[in-house]
Amino acid sequence: MSSLEEWVKMDSLFALFKRCDVDDSGTLSRGELRSALVSCGMRSADVDTIYKAMDSNHDGQINYKEFVSWLHKGSAEADRLVKPIAGIGSGPKSPEEALMELMESVNEMKDAPPPEGSKRAPTLKDVFKKLDTNGSGKISMSELKAAMKSVVGYDIDADMLKDVFAMIDTQKGKKKKLKRLSEEEQQEVIEAAIEKGIEPPRFQHGIAEGDISAFLRVPHERVMYSGNDEKKRGKIVYDPHFEPSRDYEITFKEFKAAFDAAF
């Protein structure tokens, strides 16, 4: 770790102090520190303890050196503040660690006191809506990236971000492996099976039971639409190799499942 003197000279830490010092007085009041800590997901109830720990000369205000000295000593709260500062903090070493840090931060946001003017404490749904910046009802990859930086404090690399996203986005796309065959197509499959001396497959509402590729007259496994509807002609109605893919969107249900799994 760098020395305290080196930390004091860091422009990034001075910029952080200036952002907290809303009235530009050169010192931090209890209210200014409270706003900074709560915005990072910390509990408002912990502010008094942290303020006393920072105020080493007990004059009732926090100057820049006291601020940096407290950060340099290190604590869970100090780490939360310095994470966003370039060059400080090593960041998560694995996607699992990054996901856990995200969920811990989400939990702290959920447990924060009610916003000013509100009697209702934040819920997990409220936190989700805050991370869903475009209000779509789902969290995209870019929104998760922004959340990792603003809520957790780390701008993780693209590969780790994809891994974290995949760990939450467990729901598959709603594409179906089988599609209904027309009566004409069903009859073709049945006739082909009879010709081969194989028991014809059964159909439920136009959907074959099992793999029908062995009953096809054509030399490929995919079934293409060959009915009278010009718009459907040439489209795949059956693909035995189809694998549903991720929808690349995190729903609240997926978000809640990841949160519950973390705790």
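Author: Start with a cut-off: exposed means over 50% relative accessible area, and buried means under 20%. Keep in mind that this is a predicted model.

Reader: Why is D24 called exposed?

Author: D24 has a relative accessible area of 52%. The label needs over 50%. So D24 counts as exposed. D24 is found in the loop between α2 (11–20) and α3 (30–39).

Reader: What is the phi of D24?

Author: About 55°, a positive value, although D24 is not a glycine. Most residues other than glycine have a negative phi.

Reader: Where is H58 found, and what makes H58 exposed?

Author: H58 is found in the loop between α4 (47–54) and α5 (64–73). Its relative accessible area is 66%. The cut-off is over 50%, so H58 is exposed. Phi of H58 is near 55°, a positive value in a residue other than glycine.

Reader: Which side chain of opposite charge is nearest to D132?

Author: K125, which is 8.1 Å away.

Reader: How do you know that D132 has no salt bridge?

Author: A salt bridge needs a side-chain nitrogen of Lys or Arg within 4 Å of a carboxyl oxygen of Asp or Glu. The nearest side chain of opposite charge to D132 is 8.1 Å away. Therefore D132 has no salt bridge.

Reader: Where is D132 placed, and which residues does D132 touch?

Author: D132 is in the loop between α8 (124–131) and α9 (141–152). Leaving aside residues up to four places away in sequence, D132 touches G137, K138, I139 and E143.

Reader: Which residues make the contact?

Author: From α7 come M100, M103, V106, N107 and K110. From α12 come F255, A258, F259 and A262. By class, the contact has seven nonpolar, one polar and one charged residues.

Reader: How many helices and strands does the protein chain have, and what share of its residues is buried?

Author: The protein chain has 12 helices and four strands. Of its 263 residues, 38% are buried. Take the contacts between residues at least 6 apart in sequence: 57% join residues at least 24 apart.

Note on methods: Residues numbered from 1 in each chain as written. Predicted model: local features only at pLDDT ≥ 70, side-chain atom pairs only at ≥ 80, totals over all residues. Heavy atoms only, no water. Helix = DSSP H or I, 4+ residues; strand = E, 2+ residues; numbered from the N terminus. Buried < 20%, exposed > 50% of the residue type's maximum accessible area, 1.4 Å probe, protein only. Lys, Arg positive; Asp, Glu negative; His and termini not counted. Contact = heavy atoms within 4.5 Å. Nonpolar A, V, L, I, M, F, W, Y, C, P; charged D, E, K, R; others polar.
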